[in-house]
Amino acid sequence: MFEYKHVSVVLLAFLVWSCGGASDSTREHPLRVTQVLEDGTRLVISDVDRDGVADVLKYFGIPESQVDEPDAEERLLRTEMDLTGDGTFNLRRSYSDDGELTIEEMDGNLDGRFDHTVFWQ
């Protein structure tokens with residue numbers, strides 16, 4: 001339960017920070033770049049604070065269990081976020097083939113290694 005609260009507090013702080021509290025329509029949108037990786041995964045890179053460094057990575061693709069299905073649709077597979085603006089990704093989320101959040105990992109002490117893991121069911 002402690003890990004869940006810790007992750008939630010940090011995630012809430014990130015959302016407030018990324019929105020900047022601005023409500024006017026003049027606020028600029030984050031920069032986004034899309035790349036297709038060698039394995040066909042589509043990577044969307046976002047620079048939320050527009051400092052020239054990626055803050056959010058989103059990986060989209062066909063889940064492995066559905067690769068052979070002709071009507072399989074691309075889904076969000078994983079996200080990585082830099083919550084502190086230091087250029088290091090300290091929150092990673094993995095999603096099931098159904099698009100449900102399954103694992104959330106966080107580097108709580110900012111040493112570059114994930115030290116908190118939450119398994120979602």
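L83 is found in the loop between β4 (75-81) and β5 (91-95). Helices (H or I, at least four residues) and strands (E, at least two) are DSSP runs, numbered from the N terminus. L83 is buried, with a relative accessible area of 14%; buried means under 20% relative accessible area, exposed over 50%, and partly exposed in between (1.4 Å probe, protein chains only). L83 and D107 are 24 residues apart in sequence, and their C-alpha atoms are 9.9 Å apart in space.

This is a predicted model, in which local features need pLDDT of at least 70 and side-chain atom pairs count only at pLDDT 80 or more, while totals for chains, interfaces and linings use all residues. Residues are numbered from 1 along each chain as its sequence is written, and side-chain values use heavy atoms, with hydrogens and water left out.

**Overall organisation**

The chain contains one helix and seven strands. Read from the N terminus, the order of the elements is α-β-β-β-β-β-β-β. Of the 121 residues in the chain, 30% are buried.

**Separations along the chain and in space**

Three further residue pairs are listed with their sequence separation and C-alpha distance.

| Pair | Separation in sequence | C-alpha distance |
|---|---|---|
| K58 and R92 | 34 residues | 9.9 Å |
| F114 and L91 | 23 residues | 7.9 Å |
| I103 and T117 | 14 residues | 7.0 Å |

K58 belongs to strand β3 and is partly exposed, with a relative accessible area of 35%. F114 is placed in the loop between β6 and β7; at 29% relative accessibility, F114 counts as partly exposed. I103 is part of strand β6, and its relative accessible area of 26% makes I103 partly exposed.

E104 is buried, with a relative accessible area of 3%. The side chain of E104 makes a polar contact with the side chain of R93 at 2.6 Å. A polar contact of 3.5 Å also joins the side chains of E104 and W120. A polar contact is a pair of N or O atoms within 3.5 Å; within protein, one must be able to donate a hydrogen and the other to accept it, and residues adjacent in sequence count only if both atoms are side-chain atoms.

**Rings and charges**

The charged end of R42 sits over the ring of F60, at 4.6 Å from its centre. R78 lies over the face of Y59, 3.9 Å from the ring centre. A charge sits over a ring if NZ of Lys or CZ of Arg is within 6 Å of the ring centre and within 35 degrees of the ring normal. The structure holds zero aromatic pairs. Rings of Phe, Tyr and Trp (its six-membered ring) pair if their centres lie within 6.5 Å, with planes under 30 degrees apart counted as stacked, over 60 as edge-to-face and the rest as tilted.

**Backbone with positive phi**

Most residues other than glycine have a negative phi. R50, which is not a glycine, has a positive phi of about 55 degrees. R50 is found in the loop between β2 (42-47) and β3 (56-61) and is partly exposed, with a relative accessible area of 37%. L110, likewise a residue other than glycine, has a positive phi near 60 degrees. L110 is found in the loop between β6 and β7 (116-119); at 47% relative accessibility, L110 counts as partly exposed.

**The second largest pocket**

The second largest pocket has a volume of about 240 Å³. A pocket is defined on a 1 Å grid over the protein atoms alone, as an open set of points where a 1.4 Å probe fits, with protein on both sides within 12 Å along at least five of seven lines; lining residues have an atom within 4 Å of a point. The volume is the space filled by probe spheres set on the points. The second largest pocket is lined by D39, G40, T41, G61, I62, P63, E64, V67, L77, Y95 and D97. Its lining divides into five nonpolar, three polar and three charged residues. Ala, Val, Leu, Ile, Met, Phe, Trp, Tyr, Cys and Pro count as nonpolar, Asp, Glu, Lys and Arg as charged, and the others, Gly among them, as polar.
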